[in-house]
Amino acid sequence: MDKLIIEGHKTLKGEVRVSGSKNATLPILAATLLTDEPCEICNIPKLRDTLTMIKLLRSLGKTVEFKKNRVTVTSKEALKSVADYKLVSTMRGSFCVLGPLLVKLKQARVSLPGGCVIGIRPVDLHLKGLKALGAKIEVENGYVIAKARQLKGDHLYLGGAFGPSVLATANVLMAATLAKGTTIIESAACEPEVEDLANFLIAMGANIQGQGSPRLTVKGVKKLKGVRYDIGPDRIEAGTYMIAAAATKSNITLKNVDYSQLLVLIDKLKESGVKIEKGHNAIHVKCVKTIRPTSITTYPYPGFPTDLQAQFMALMAATPGVSVITDKVFPDRFIHIAELNRMGANIRREGSVAIVEGRKTLYGAQVMASDLRASAALVIAGLAAKGRTEIHRIYHLDRGYEGLEQKFSELGAKIYREKI
Ligand code: UD1
């Protein structure tokens, strides 16, 4: 298993190009199941999660080619309706093939994705939404078996105890595009990745209104066509580099980035003293010597993203003073605390709240990556820390950050991968 070595406490400088969004790519690839015509999708990040989704599409009968951030999906054989445990269990994003398969084939058998270290992660909202459209659903031997001769539009509420669900919205939205009549989804997720998916579906010929808002109105159409589409930039990757710049007191420029998708992070970084300027398709991060402790609470979009909570905690761990970090989306997403504490941080957890007593200096240590964003937090802590950090189990990082060592190296960091 590879490990990542970081010689920390160096400032970063220069430009970094943000890749295409992982969380937009996964449902958009799933949406290609809705048409038999060829689709060409560009700006796809080369990541383990993308490759898993491509494998899943192939296992369902699609022919998929992936070259230089460009994916083409064509149909040479009949679509299959079974999404296997091996592929769905490794990546939750795979579960969003359920809606497209069901509406296209009138039946689907998709493995339950299971939980992960950030929480139990149920799928009740996905199933509730598809049932509202008339699907008969049973769970058998770890698989969801869904059947519907003809899905029919309905007016439904899709919020849950922790707010809207990104992938449940994606699943129901995709199914609704080919359902009979009009579907109105209330409490739909407003994340830019859902908006990107809706724009892809509209380009395919779907009739959708309200994308980016909590009410999506979908008028079912008979057929969707093949398209060429560019995936939008990854706001979580962008945010990770911005936080890394703040933690290392560096000045960097991000290219291929959407400022408007990062407003809450920009607001919080400004509150902590970081200077941020909007450029043309770019963001300039300019760092002062002293960062102020700043508290955050994660919420669904446009609130502070849970996917940047761990990275922001790493920044606060290296910022003298007390800050409070609350996760309202995944209240158990705190596995990174123990590893950050190994690097000299002083963080304690009380339920869904972490209290960070920031230190002037963190120190390099051997640490273990536990999930994707927790791994990014360890990279940020390692870049800020004095001495050498070794991050083990970095396959998590490969799930979601395209060329991470290369991009940080180009910014002047001493970071490299060691094969074990
Ligand atoms: C997506 C993102 C993930 C991000 C998360 C929240 C992808 C591939 N993944 O995951 O990176 O952290 O959004 O922004 O896009 N919930 C239920 N029942 C359900 C579904 C969800 O109770 O049926 C709960 C979850 O446990 C969580 C909250 O709703 O507390 C939000 O989760 P959700 O938006 O569904 O996350 P994902 O779509 O799985």
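This is a predicted model: local features need pLDDT of at least 70, side-chain atom pairs count only at pLDDT 80 or more; totals for chains, interfaces and linings use all residues.
**The cavity**

- A cavity here is a set of points, on a 1 Å grid over the protein atoms alone, where a 1.4 Å probe fits but cannot get out.
- The largest cavity has about 30 Å³ of space, counted as the space filled by probe spheres set on the points.
- Its lining (residues with an atom within 4 Å of a point) is made up of R235, Q261, L262, L263, V264, L265, P305 and L308.
- Helix α9 (residues 263–271) supplies the largest share of that lining, three residues; helices are DSSP runs of H or I, at least four residues, numbered from the N terminus.
- By class, the lining splits into six nonpolar, one polar and one charged.

**The α8/α12 packing**

- Helix α8 (residues 235–247) packs against helix α12 (residues 372–384) at about 25 degrees, with axes 9 Å apart; the axes are lines fitted to C-alpha atoms over the stretch in contact, and angles run from 0 to 180 degrees between N-to-C directions.
- So α8 and α12 count as roughly parallel (angles under 35 degrees).
- The contact (heavy atoms within 4.5 Å) involves I236, T240, I243, A244 and A247 of α8, plus R373, A376, I380, L383 and A384 of α12.
- In that α8–α12 contact, eight residues are nonpolar, one is polar and one is charged.

Methods:
Residues are numbered from 1 along each chain as its sequence is written. Side-chain values use heavy atoms; hydrogens and water are left out. On a 1 Å grid over the protein atoms alone, a cavity is a set of points where a 1.4 Å probe fits but cannot get out, and a pocket is an open set with protein on both sides within 12 Å along at least five of seven lines; lining residues have an atom within 4 Å of a point. Helices (H or I, at least four residues) and strands (E, at least two) are DSSP runs, numbered from the N terminus. Ala, Val, Leu, Ile, Met, Phe, Trp, Tyr, Cys and Pro count as nonpolar, Asp, Glu, Lys and Arg as charged, and the others, Gly among them, as polar. Angles under 35 degrees count as roughly parallel, over 145 as roughly antiparallel, 65 to 115 as roughly perpendicular and the rest as oblique.
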